[in-house]
Amino acid sequence: MKPKAIRGMNDVLPEDTFRWAHIERVVREVIESYGYREIRLPILEHTELFRRSIGEVTDIVEKEMYTFDDRNGESLTLRPEATAGMVRAGISNGLLHNQRQKLWTVGPMFRYEKPQKGRYRQFHQFDVEAMGYTGPDIDAELIIMCARLWQRLGLSRLTLEINSLGTAETRTRYREELVGYFSTVKNQLDEDSIRRLGQNPLRILDSKNPEMQQLIAAAPLMLDYLDAESAEHFDAVKGFLDSAGVPFTVNPRLVRGLDYYSRTVFEWLTDALGSQGAVCSGGRYDGLVEKLGGKATPAIGWAMGIERLVGLFDACGGLIPDAAPDVYIVAVGDKALAAAFGIAESLRDESPSISPELNLGGGSFKAQLKRADKSGASYAVILGDNEVASGRVGLKPLRSTEDQSEVAVADLSAELQKRLAVIS
Ligand code: ATP
Ligand code: MG
């Protein structure tokens, strides 16, 4: 029987990694240009960290975590998201003592979800967090940074939705209203929602069940219960977005699937990926650092799904930089192959920008030239035993109608640099 990968966990194959790497490079550059610094975190954390931060009554903690006991009987969990680990690292490394932090990380996340296009059990996120900033300027800048990213990647078909969840006190008042409302329609609620009504009624608003959507649409709106300071904060965020020319819509029903959010929440959505439309989601979480045992520290961040980003890049006809080698070295015969190693390495020494690929595994002249063509290289450098003796090699253009010529080995690097500069 052939070995199989775990359901919902994908290999990213060479034909895709080039696009991934390009996109990751651009995202990294943009994030760093806004002053964020990279942090690398473990993939495993204590289960308790996620229970306390994401919240007990959430889809993630209730049914999506990969949790197991290690050999010592400690409960560990493969991270389903990055914010909890970021905050944990901020606290455990003393990064938040009288200083502000702008941090980013990237890597795999794990959720036991129903696998489908754009939704996997191992997926990848870029994650950006700013800690120690009260906002609303940072809220706006984090969102504007995404718009910059879309522009740099050549992406379109993205819309921005924002909302404010107010403070903990706001939500206490709103929760009462919500319980009141949903209790009157309790007989129409699904099983999950009935359970949530008692434990965490806000979560009902996050239900993905189509049958619940009409009831949710008629529920009271958080924005109507916003405290004055949160309303002011929200207005300022909207004002900064306007100034930066980033269009948005206010979606008063956007609550996000994790418990730790307060005030600003937002989602970048696309219509290009079917029902898995959220490309980047985030929000403010002013209470989380303290809740996890740190000094009270305001914070805000977002997470971006790389699989969905790549999908959108493709849907937008994204330009993929060329992965082909510049030169393919055809070497027929033992002496030629030995000489070719020297030529390939001196090409790398003399012009690091040129990427030569050496034919490996032998083959006839014809077979090697076929591989050269398939590699996508612009030129083939051709060596047989005769060429080795004469100190000259054949230079065959593979992508143009120019004639093949002969070049002295000593001049090869300069000649290739000249010709490749004309192409690029
Ligand atoms: P969704 O509503 O699609 O379930 P979410 O609200 O659970 O998304 P977050 O937890 O905020 O998403 O994660 C941030 C981003 O990570 C999402 O906007 C999405 O791009 C991506 N993402 C989340 N879950 C998955 C998954 N299972 N597979 C692929 N990407 C995902
Ligand atoms: Mg989800």
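In which helix does Ser346 lie? The answer is α12, which spans residues 334-350; helices (H or I, at least four residues) and strands (E, at least two) are DSSP runs numbered from the N terminus. This is a predicted model, in which local features need pLDDT of at least 70 and side-chain atom pairs count only at pLDDT 80 or more, while totals for chains, interfaces and linings use all residues. Residues are numbered from 1 along each chain as its sequence is written, chains are lettered from A and ligands numbered from 1 in the order in which they are written, and side-chain values use heavy atoms, with hydrogens and water left out.

At 27% relative accessibility, Ser346 is partly exposed (buried means under 20% relative accessible area, exposed over 50%, partly exposed in between, with a 1.4 Å probe and protein chains only). Its C-alpha atom is separated by 17 Å from that of Tyr379, 33 residues apart along the chain.

Turning to the rings, there are 7 aromatic pairs (centres within 6.5 Å; planes under 30 degrees apart are stacked, over 60 edge-to-face, the rest tilted). One of them is the tilted pair of Tyr174 and Tyr225, with 5.6 Å centre to centre and 45° between the planes. Tyr174 belongs to helix α6 (168-184) and Tyr225 to the loop between α8 and α9, so the pair ties together parts 51 residues apart in sequence. Tyr174 is buried, at 1% relative accessibility. Elsewhere, ring pairs link Tyr260, Tyr261 and Tyr285 into a cluster.

Definitions and conventions:
Phe/Tyr/Trp six-rings, centres within 6.5 Å; stacked < 30°, edge-to-face > 60°.
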